[in-house]
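Please look through the sequence and the structure below before reading on.

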Amino acid sequence: MIGAGYVGLVTGTCLAKLGFDVLCLDTDAERVAALKGGRSPIYEPGLDALMEKQVAEGRLRFDRFEPKGVARADFVFLAVGTPSLPGSDEADLSQIFDATRMVAPQLRPGACLVVKSTVPAGTNSAIRAIVSDRRPELAFSVVSNPEFLREGRAVEDFLRPDRIVVGCHDAAGRAGMERIYRSFMEQSVPVVFTTPENAELIKYAANAFLAMKVAFANEVSDLCEATGGDVRDVVRGIGLDARIGPSFLQPGPGFGGSCFPKDTRAFVDIGRRLGRPQRLVEAVVAINEDRKESLASRVSEALGSCAGKTIAILGVAFKPDTDDLREAPALRLIPALVEAGAAVRFYDPQVDADGVSELEGADQAPSLAAALEGADAAVLVTEWAEFRMLDLVSARRRMSGATFIDFRNVYSREAMDEAGFLYHPIGSAPLRDDARSPEQAGSGRRQRQAVGDGQVAVG
Ligand code: UGA
């Protein structure tokens, strides 16, 4: 396994679980040292325990990348990064091409190069050409085998896939993949055997489509706000149509992570360069950018102004169950709030924000309670389980103000009202004192009056 990042580590560990003898190689010395010491460099539920077991049973090893490391391998998986090129939307393929050049002289006859990295159509052919040029006499296969792992659920996604996609031109490559995925095929997991070009396109198209569903839900959510609707009912109402499906229709602060943003941009770039513009996905990229850009003004609107206010941010990871901050909406929101004059505190159960420049103007709170203490407003950005189960009444008491902005629509209006919050969900009208008649106001309103808005006893 070349690359012990999120894809390589999860895939390598899971292949070891399937019984293969796996050596994960990485150029990052610190990462390899951590792995050799039994520590996973990423937070991924279930991964540490699985890794430990495979290492203990002798099927999983880690080492510094060295081309000779592949000399005995039947399968060489390429799981290196393909980030956007600096200042461009194009995927940077230098890592995958460099790795191919380095391992080519060491490949054993019959070896199968398996491309896990997300790459534009045609990259597998280029990889084949790199090896053939250097080893014209060598019999080898190149297989495109994209991954569909979600961060936070990657182990489960590997072990219980919806489908497996295998793109190759030769029978040996196909037979190799049948060997790797035999146990899944025995469980009737569908395997799409196709060309490498199709497999490469499937990966980008799948991420682009899912990102499009999210962007669509976000736009419908805005429309609901303008029309007095409630997006929760609207997405439920459309998602129950089996042709649409309920997943990836939850509006939020915009999609982030290491995949959707870069893969949608790369898809757009490929379409433009080939003269087949992907106009829907172009719109998705723009919609998502606007969404992240608008987050701070939503908070300002809810508070009147951010200047001089203390704001508690609940969650900065791009989604729950990961410590990944790449393209996280919080990295756009927090600097904009600081710029607007707010004192920002954030709390995240897993993220270590040391050295993250976007978060430098804000304070990392050691606990949720510390983040909320005396805050004028709470903003829920990442729907960690811990934030889904808040004791709302005591959260309200800890805070000085009553504003709660919920970018993930985790709470019901009733529960928020009951706890005395001025609740701002997305995709429906906010719950404000001035928007309701006294008869409409729940006990929360009475509680606010009793303790005095903005002057709540803490504890
Ligand atoms: C995504 C894909 O879901 C995986 O299938 C794919 O393998 C992976 O990219 C990849 O290419 O490696 P991931 O980035 O881990 O996985 O995260 P998702 O669960 O897809 O979420 C992406 C973003 O969309 C997050 O910011 C999330 O908060 C947002 N989202 C998702 C919503 O706002 N609403 C939804 O309904 C779903």
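**Domains and ligand in a predicted model**

In this predicted model, domain 1 and domain 2 bury about 950 Å² between them, and 53% of that area lies on carbon and sulfur atoms. Within the share that domain 1 buries against domain 2, Asp89, Glu90 and Thr118 supply 44%, which is more than any other three residues.

**Where domain 1 meets domain 2**

- The domain assignment of the protein places domain 1 at 6-194, domain 2 at 204-289 and domain 3 at 292-444.
- The C-alpha centres of domain 1 and domain 2 are 29 Å apart, and 12 residues of domain 1 are in contact with 11 residues of domain 2.
- One salt bridge is counted between domain 1 and domain 2, and the side chains of Arg265 and Asp89 meet in a salt bridge at 4.0 Å, taken from N to O.
- Three residue pairs are in polar contact across the interface of domain 1 and domain 2, and the side of domain 1 that touches domain 2 has five nonpolar, three polar and four charged residues.

**Around the ligand**

- The ligand is surrounded by 19 residues, of which the closest are Glu147, Glu151, Lys203, Asn207 and Gln250.
- An N or O atom in the side chain of Glu147 is 2.7 Å from an oxygen atom of the ligand, while for the side chain of Lys203 the corresponding distance to a ligand oxygen atom is 2.6 Å.
- Leu249 has a backbone N or O atom that lies 3.3 Å from an oxygen atom of the ligand.
- On its own the ligand has 720 Å² of accessible area, and the protein covers 93% of it.

Conventions. Residues numbered from 1 in each chain as written. Predicted model: local features only at pLDDT ≥ 70, side-chain atom pairs only at ≥ 80, totals over all residues. Heavy atoms only, no water. Domains from an automatic or database assignment. Contact = heavy atoms within 4.5 Å. Buried area = accessible area lost by both parts, 1.4 Å probe. Polar contact = N/O pair within 3.5 Å; in protein donor to acceptor, adjacent residues only side chain to side chain. Nonpolar A, V, L, I, M, F, W, Y, C, P; charged D, E, K, R; others polar. Near = heavy atom within 4 Å. Areas by Shrake-Rupley, 256 points an atom, 1.4 Å probe, with all protein chains shown as cover.
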